[in-house]
4 protein chains.
Amino acid sequence: MTETQQLIQLLTRFRDERDWQQFHNAKDLAVALNIESAELLELFLWKSPEEADRSKVAEELADVIAYALLLADKYGLDISEIVKDKVKQNGEKYPVNKAKGSARKYDEL
Amino acid sequence: MTETQQLIQLLTRFRDERDWQQFHNAKDLAVALNIESAELLELFLWKSPEEADRSKVAEELADVIAYALLLADKYGLDISEIVKDKVKQNGEKYPVNKAKGSARKYDEL
Amino acid sequence: MTETQQLIQLLTRFRDERDWQQFHNAKDLAVALNIESAELLELFLWKSPEEADRSKVAEELADVIAYALLLADKYGLDISEIVKDKVKQNGEKYPVNKAKGSARKYDEL
Amino acid sequence: MTETQQLIQLLTRFRDERDWQQFHNAKDLAVALNIESAELLELFLWKSPEEADRSKVAEELADVIAYALLLADKYGLDISEIVKDKVKQNGEKYPVNKAKGSARKYDEL
């Protein structure tokens with residue numbers, strides 16, 4: 001088993017021990033992911049990037065990753081595969097010669 | 001190297017080839033993570049949970065994970081470690097005997 | 001009719017002409033509000049606060065307000081009343097003598 | 001003064017009494033808006049649309065509107081004007097004969 005498969009096993013076991021599968025439809029998992037992302041973002045509110053508390057970032061980031069992994073599991077998606085596919089796709093949208101040093105979106109390059 | 005370390009290597013290489021490190025401060029990475037989470041959520045808008053397009057979910061989820069991994073890298077956090085720590089912590093907040101079958105928040109259990 | 005009541009009338013008429021009331025349950029309206037907020041936030045991504053495009057901000061902000069008004073309508077809430085109530089409540093959480101010049105959350109003041 | 005101008009006056013007075021203008025750049029206001037939208041959304045998490053607590057919805061919605069109004073003030077935007085402009089624009093993107101009874105996005109109509 002890969003690292004993310006092991007984490008998914010840990011998370012689904014935690015979920016099943018609590019009979020939470022009934023609540024974990026894909027839409028609510030996506031809602032939960034958004035809420036956790038916002039809690040992570042809140043650590044930076046009214047602050048410069050350096051001022052966020054590292055240990056709180058770790059906690060909120062863990063929540064984000066947990067829901068992302070549960071969503072991947074829901075759809076039977078392999079983390080490495082989807083990330084590699086997306087990086088490839090982004091390589092075409094953002095070719096080095098056009099995108100280098102630019103923060104523009106691909107449709108404005 | 002573990003799976004997530006390999007993915008982080010892939011992502012930071014992609015970033016560095018494009019000189020994007022200058023834009024990738026922790027706050028903007030957290031902002032980007034929120035935007036990608038919302039794009040994922042949009043696939044479920046006005047729909048029942050089953051109606052989202054699986055291949056689009058894969059793409060948007062990949063973006064979410066990419067920014068989560070870049071944030072972890074920014075703070076030198078190990079994915080497995082922070083997820084395992086959080087699951088442990090949640091086990092104390094949500095003991096099986098209290099949380100079983102309930103969708104309530106820990107402070108309402 | 002007040003200004004926000006007039007806007008709500010405009011928005012619900014637009015919705016009803018298109019038979020969209022069937023999709024506009026409160027949960028999906030809250031989801032839509034989050035998506036629009038993220039689109040607004042995207043105008044600031046990788047940028048300093050001054051660099052966002054004002055006319056695009058106007059458009060995305062209008063979408064945010066539209067869904068906020070539709071949610072208020074859904075629950076029969078009066079905009080002025082709920083905002084005034086919240087400001088009052090915040091005045092107690094953030095008394096001037098404690099909160100002046102500080103960006104801390106009320107539970108850390 | 002219109003209703004939203006009065007609310008903006010209330011909110012900016014509250015802000016200025018606390019010397020908070022220094023924190024309220026447009027980007028952080030957009031971040032705050034996203035956080036409040038997510039707190040509103042959390043009231044619906046793992047629930048059917050009808051199960052959210054109306055008085056909590058009122059509170060979180062007030063926060064969303066407050067930051068939306070502060071952003072409008074930041075850019076000197078008139079709420080009624082931008083909402084009316086957007087409704088007009090949406091009328092072109094979603095003509096009644098095409099959009100009636102459909103939840104599709106304009107580019108899929």
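**Group meeting talk: chain A and its neighbours**

A compact globule of 109 residues would have a radius of gyration near 13 Å, whereas chain A comes out at 17 Å; this radius is taken over C-alpha atoms, and the globule rule is 2.2 Å times the number of residues to the power 0.38. Before I go on, please keep in mind that this is a predicted model, in which local features need pLDDT of at least 70 and side-chain atom pairs count only at pLDDT 80 or more, while totals for chains, interfaces and linings use all residues. Residues are numbered from 1 along each chain as its sequence is written, chains are lettered from A and ligands numbered from 1 in the order in which they are written, and side-chain values use heavy atoms, with hydrogens and water left out.

Let me stay with chain A for a moment. Along its principal axes the C-alpha trace spans about 50 × 35 × 25 Å. Chain A has 5 helices and 0 strands, where helices (H or I, at least four residues) and strands (E, at least two) are DSSP runs, numbered from the N terminus. Of its 109 residues, 54% count as buried, and buried means under 20% relative accessible area, exposed over 50%, and partly exposed in between, with a 1.4 Å probe and protein chains only. If we take the contacts in chain A with a separation of 6 or more, residues 24 or more positions apart account for 58% of them, a contact being heavy atoms within 4.5 Å.

Now to the aromatic rings. A pair of aromatic rings is described by the distance of the centres and the angle of the planes. Over all chains, the structure holds 16 aromatic pairs; rings of Phe, Tyr and Trp (its six-membered ring) pair if their centres lie within 6.5 Å, and planes under 30 degrees apart count as stacked, over 60 as edge-to-face and the rest as tilted. The rings of A:F14 and A:W20 have centres 6.0 Å apart and planes at 65 degrees, so this pair is edge-to-face. Both A:F14 and A:W20 are buried, and together with B:Y94 and B:Y106 they form one aromatic cluster.

The rings of A:Y67 and D:W46, by comparison, have centres 6.2 Å apart and planes at 45 degrees, so that pair is tilted. This pair crosses between chains, from A:Y67 in helix 3 (residues 54-74) of chain A to D:W46 in the loop between helix 2 (26-42) and helix 3 (54-74) of chain D. A:Y67 counts as buried because its relative accessibility is 17%, and D:W46 counts as buried at 17% relative accessibility.

Most residues other than glycine have a negative phi. In C:D19, phi is near 55 degrees, again a positive value in a residue other than glycine, and C:D19 sits in the loop between helix 1 (3-17) and helix 2 (26-42) of chain C.

Finally, two residues that reach across to another chain. B:D19, in the loop between helix 1 (3-17) and helix 2 (26-42) of chain B, is partly exposed because its relative accessibility is 40%, and, not counting residues up to four places away in sequence, B:D19 touches A:K100 and A:G101. D:T4, in helix 1 (residues 3-17) of chain D, is buried, with a relative accessible area of 4%, and the residues D:T4 touches, leaving out those up to four places away in sequence, are C:E3, C:T4, D:L69 and D:I79.
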